[in-house]
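User: Hi, can you walk me through this one? I'd like to start with the helices and the sheet.
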Amino acid sequence: MTDQAARTGTDGTPTHCPYCALQCGMTLRPAPGAVGGLEVVPRTAFPVNRGALCGKGQTAPELLAPGTRLTTPLLRDPATGELSPAGWDAALDRVAEGLARTRERYGPDAVGVFGGGGLTNEKAYALGKFARLVLGSSQIDYNGRFCMSSAAAAGNRAFGVDRGLPFPLADIPRTGCVILVGSNLAETMPPVLRYFTELRENGGRLIVVDPRRTRTAEHADLHLAPRPGTDLALALGLLHLVVAEGRVDEAFVAARTTGWEEARAAAMAHWPELVERLTGVPVPRLREAVRMFCEPASSMVLTARGPEQQSKGTDTVGAWINLCLATGRAGRPLSGYGCLTGQGNGQGGREHGQKADQLPGYRMLADAEARAHVAGVWGVDPDTLPGPGRSAYELLDALGRDTPDGVRALLLMASNPVVSAPRAAHVTERLRALDLLVVADVVLSESARLADVVLPVTQWAEETGTMTNLEGRVLLRRKAVDPPPGCRSDLAVLHDLAARLGWEKGFPTDPEEVFDELRRASAGGKADYSGITYRRVAEEDGVFWPCPETPPAPPQAAEDAPSPAPRPGAPHPGTPRLFLDRFATPDGRARFAPVTHRPAAEEPTPEYPLLLTTGRVLAQYQSGAQTRRVDSLNAAAPGPFVQLHPRLAERLGAAEGDRLAVTSRRGRAVAPARISRDIRPDTVFMPFHWPGEGRANTLTNPALDPTSRMPEFKVCAVRVELADHAAAGAGAKAALDAGAGAAPGAAPGGRGADAAGG
């Protein structure tokens, strides 16, 4: 029997999808004739997706095909500027020498690390430890900052802890009403749609808030289509009506919250007619939304990137949380606020050290006690740990700058900011300006094409590790096949680099050994994993954090079986449902946020009279680095487009398929018109999965939320013209604004002005 057969057995290898935060269960079986050598079999017993998979999950093994992915390190030849195959020793030596030289000449903060929300918990933990111990640098963040940092900040402020959903997905069909704000989950995570279908079948109601009539909005009982950037005003207007109509749960507010009077006063300044003027949502629909939300005994609010990716995203989410608190829809069974995390490990990735201000266990770097605990696990003096660093966009903006605080070298893992970052043409130039760019990835992404060193690493089916899904459920991905001989795991890369930089110990390559250390580092923190083991995760189909090693005291009885009660002497069962007895604040009370509406960072002007919003489509994922390499997904979504209303198209003289130029203050993108009545006439939409002239993030605004440091991806001012007309006056600047961006499979290019990959 082969090693592979021994691992997979007759029933295959149970594991999880490599894409979104659902982390759908699947089984992989050997299939010699299939692309990638594996077939996907549904895991109907896994509770999250119950066997359902979207097209991305079904085709995920195609990413394993030899012609699709990297299989050997690449080094850039200084003489020719080209990337060429090299051995691992040569590649790692060049990286270690470059990092050491940069640290010695400019100091440790001249070396940056940028991670990804797709990394396992073990990799995220090891990457944060590598940055702070081996490099001594504070300059680490990750692309998950662009995912749900605003929701995290608002959740911490209100509840004292941030976990995407404070309840399992299985609670959704049993509640009375869900307000879904800024999520097109029918396309971004299709298997979860069944929970909302079951909600309605059970008599519950679904309210969708989105400026477009998306596939998700088509399933709603009520669709509210606010002007982009006005979600905060909308939430405040609904709270105003809750107060005016006498729907406040005064007993809950008095017993379990603080700060209500200030939040109430702020909301009362947003009367319905004002909110209608700001948002475009008619007053009768506002009143209907309040009625639908408040009449059932239980309700939920779920947000996604729509309200969060704004320069006021933290306050916007805070306003939706206020609505839950004022109506008693929090800290009770089948009620509450939750965030739909996007990336596969967007939750776990920020809990264990990738984020600029955090240490493992969701501890904060600025907390002396937290530093002492983690330093004790790592065997170092707490004073040697650097302090908090820059947020993701601020780190990218500092790359290659000839200033005392500039970042001269960057280790980039599992991220493609050339496509995914705001103001992407500018970020591309910053990457090109680095003295040393090292990219560890599965494929030759647009960002990898700019690198001095490219390190080919293993991917989901070739390695074992844990992920934490949007429910806070810690899951185990299992190795199903051996990687190609030229690939190494990210853990092995960090181990080898650490050894070359003087750290012979402390960076094991076995993921379970790393996880056991992570457990110790997280013990006692908000995200306590100390009671979670690989064996438990495998046997229990995941374990919800917090799960300390010490069993809890018996919980108070609560209606509707909120969480499993521990047996005497049994390990902690995990925490599927948070806040039923108290919130995670020092006094156990949730905190209202006294927020008021303010405009987006950019409002329309005569020069830029329209609003652009961005998002995803069904067949693609994030920057498209993986999905654009799968033929069936590419056929379903072959390229970018500009969605616009027929009224706007008529004003422009545009027909379906005409090439449109969309221009913001940061650049220009060109894509074919897709005319639809499903979008507001004052708004255009572009998906952001593609490089090249249709790169939507060329246009987006890096204006940052003051608390979460989230860029304002979801709203910016633009003008739209027929591309042929616009080209005449665009001038030379348009080439830079559009970016380069080679197609998958193109030859590696240089880092000069004419290089592919921008």
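**Helices, sheet and pocket**

Analyst: Helix H12 (residues 283-294) lies across E8, E9, E10 and strand E12 (300-303). H12 runs at about 130° to E10. Keep in mind that this is a predicted model.

User: And which strands does helix H14 touch?

Analyst: Helix H14 covers residues 313-326 and packs on the sheet. H14 touches E8, E9, E12 and E13. Its direction makes about 170° with that of E12.

User: OK, the sheet itself. What is the order of its strands?

Analyst: The order is E10-E9-E8-E12-E13. That is an open sheet of 5 strands with parallel pairing.

User: Which strands stand at the edges, and why does one side of each have no neighbour?

Analyst: The edges are E10 (222-224) and E13 (336-339). Each has a single partner strand, so one side is left without a neighbour in the sheet.

User: How much twist is there from one strand to the next?

Analyst: The twist averages 15°.

User: Zoom in on E8 and E9. How many bridges do they pair over?

Analyst: They pair over 5 bridges, in the parallel sense. E8 is residues 177-181 and E9 is residues 205-209. Val 181 stands opposite Val 209 in E9.

User: New topic. How much space lies in the second largest pocket?

Analyst: About 390 Å³.

User: Which residues are closest to its centre?

Analyst: Glu 187, Arg 215, Val 617, Phe 641 and Arg 674. The second largest pocket is lined by 22 residues.

User: How does that lining divide into nonpolar, polar and charged?

Analyst: The lining of the second largest pocket has 9 nonpolar, 5 polar and 8 charged residues.

Methods. Residues numbered from 1 in each chain as written. Predicted model: local features only at pLDDT ≥ 70, side-chain atom pairs only at ≥ 80, totals over all residues. Heavy atoms only, no water. 1 Å grid on protein atoms, 1.4 Å probe; cavity = no way out; pocket = protein on both sides within 12 Å on 5 of 7 lines; lining within 4 Å. Points joined across faces, edges and corners; volume = space filled by probe spheres on them. Nonpolar A, V, L, I, M, F, W, Y, C, P; charged D, E, K, R; others polar. Pairing = 2+ DSSP bridges. Helix = DSSP H or I, 4+ residues; strand = E, 2+ residues; numbered from the N terminus. Axes fitted to C-alpha atoms, helices over the stretch in contact; angles between N-to-C directions. Contact = heavy atoms within 4.5 Å.
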